[in-house]
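Okay, thanks for coming, everyone. Let me put the structure up and walk you through what I looked at.

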Amino acid sequence: MAAPRSRADDELRPRLKREHALELLRQMLRIRRLEEKCAELYSAAKIRGFLHLYIGEEAVAAGAMQALEADDAIVATYREHGHALVRGIPAEKIMAELYGKQEGCSRGRGGSMHLFDAATRFYGGNAIVGGGLPVAIGLALADKLQRRARVTACFFGEGAVAEGEFHESMNLAALWKLPVLFCCENNLYAMGTALKRSESEIDLCLKATSYEMPAWPVDGMDVAMCEAAARRAALAVRSGEGPCFLEFRTYRFRAHSMYDPQLYRTKAEVEEWKKRDPIETFEARLKEQGLLNDAEVTAIEAAVADEIAKAVEFAEAGTWEPVESLTRFVYSDRTQP
Amino acid sequence: MSAQAKTVRMTYREAMRQAMRDALRRDPRVFLMGEDVGRYGGCFAVSKGLLEEFGPARIRDTPLSESAFVGAGIGAAMGGMRPIVEIMTVNFSLLALDQIVNNAAAILFMSGGQFNVPLVIRMTTGAGRQLAAQHSHSLEGWYAHIPGIKVLAPATLEDARGMLWTALEDPDPVLIFEHGSLYNMEGELAADAGAVDIDKAVLRRSGSDVSLITYGGTLGKTLAAAEELAGAGISAEVVDLRTLRPLDTATILDSVTRTHRAVIVDEGWRSGSIAAEISARIMEGAFYELDAPVARVCTAEAPMPYAKHLEDAALPQAPAIVECVRAMVGNRG
């Protein structure tokens, strides 16, 4: 299933400035290493509940997030550690959240699936497949009504396209020309159900174009392509042309969650995709182009390792919210908005 | 101030419309969206004329996509607007349950207090118009089960006129249930009627023998029953809950403590109903005050039938309330 790399890809791929290329690599490594640590901490029972890892898909969040401005909004799914991290939620607040500590970005109320952050306009971690799309169009509607040239980026998996909320939202966004950037992360499996086993039409861009929405597929294993596509789409969305749809073709290397024995796909398929590891291939390409050397990789890895070690330290040192405040935030503390 | 306050004669529908017009004029962040709220003038004509006055950006006709436009209301509310989302009937709101329960009610809590959702959702509820089993149910009691939202049931012109603004000022999601049979109810409303509180039950009639506890579409029937009971020498107090979540338990217990008997009249089905919740709270808070077991007059446990005689039989009616109270108090006539 992996699309073969072609010469055309190389020509299309934007030329990256060295510093920016290193930044993209750094962001992908932050996600990868954070999540590897998460898996370890899950086994150590420090993190509980559901834990959905993004490993293999890092290029999408690391690339797409580059197209967003500080006052843009993000709506993501329950597989959102990477998006949160690249968006700027500090690793320590994410880790504390996974620990369930009140220093976490959602005070320990949300956990892995519900990372929220007002400072970066990160509207969650939505764990109902398709449930974030209507919220995203509402955020975009507010911007349109208030004449703000902002973008709302809405991330969701390909499994969401089977939901009614996907179609309702695509239609409404296109009908009202709302500034939404729909980012479909097609990792080919909705938990264990392959796209071809659940959809009569597996060309996801066709679904978007049927709503008169510009749509194009993106190599989701190539961070530079992800960024370029997102920038192009975000520009159109921001200029008031209405929503865009991007299908990032990617692959999840790990199980759906920590409970998944992966009976629905072969090891060979996973291994085949791992050859296109977004970090390894990007690293190799940069070295080939003379933009990166081993010492720099070592330095980035060391800085990332340090960041994650500090995040774990912060989470370990975090405190539990007193049980007495359990029902706080069911309703707002204040009585007036 | 003149001894006789000036009043205007109007319907519940007009009071609701006046409330929306007032809100749209007062706050540029307010807008209305829903199916047929604009060109059509509202399925029940509540928003008639608003499109002409406020334009299509603020009076937004939506596709038949309950989940998308309710979710859009949630997003718009978090984005700084004050949306009023209209859903044609409570039965249709089931298509938006994901957004109402998983998002509107939960986001403030899930986000550790970072994102509140100042959204108002209005919808029609209740039976009595021969609309059968998919347009007639009373599911407000269901919604009242859910922490994170507030549930209002205006039963009077004052509340139809006054609850909306207070709901819009609330930082959290508020659902307003308008009983379909009330829209044509006509009466006198103070010319300067405005916002009312949304957290207190009120006595619509004082009495000493029994507390009749009700809300919304059954308030009229309950008051009629109380009147008939008065003729039979039974003094019934009528409590209008007004808000089903949060419930004003204090007013309920205070009334029962004085009358020592309680009948709950609820157009929802009996099992797992708001009537059951009120009954439980009376047991918890005023058990030793009771002279008789708490009784309930609810809708028959069946989907709503179309045929008039069957629908009438399914719903709580004044004679059934009277009969229930007489059995409890004993005949005094």
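When I say nonpolar core, I mean a set of buried Ala, Val, Leu, Ile, Met, Phe, Trp, Tyr and Cys residues joined through C-beta atoms within 7 Å. And keep in mind that this is a predicted model.

So, the core. The largest one has 203 residues, and the ones with the most contacts inside it are A:I137, A:C154, A:L181, A:L246 and B:L212. Its largest share, nine residues, comes from helix α10 of chain A, residues 223-238.

Let's zoom in on A:L181. Skipping its neighbours within four places in sequence, A:L181 touches A:V151, A:A153, A:C154, A:A233, A:A234, A:V237 and A:C244.

Next, helix α13 of chain A, residues 294-317. This helix has 24 residues and reaches 34 Å from first C-alpha to last, close to the 34 Å you'd expect. Its buried residues are A:V304, A:I308, A:A311, A:V312, A:F314 and A:A315, and they pack against α2 (18-43) and α5 (91-99) of chain A.

Last, the contact between the chains: 38 residues from chain B and 36 from chain A. On the chain B side, α3, α5 and α6 each supply at least two residues, with α3(B) giving the most, 11. By class, that side has 19 nonpolar, 16 polar and three charged residues.

Terms used
Residues are numbered from 1 along each chain as its sequence is written. Chains are lettered from A and ligands numbered from 1 in the order in which they are written. This is a predicted model: local features need pLDDT of at least 70, side-chain atom pairs count only at pLDDT 80 or more; totals for chains, interfaces and linings use all residues. Two residues are in contact if their C-beta atoms, placed from the backbone, lie within 7 Å. Helices (H or I, at least four residues) and strands (E, at least two) are DSSP runs, numbered from the N terminus. Ala, Val, Leu, Ile, Met, Phe, Trp, Tyr, Cys and Pro count as nonpolar, Asp, Glu, Lys and Arg as charged, and the others, Gly among them, as polar. The expected span of a helix is 1.5 Å times one less than its number of residues. A residue is buried if 20 or more other C-beta atoms lie within 10 Å of its own, exposed if 12 or fewer, and partly exposed in between; C-beta atoms are placed from the backbone.
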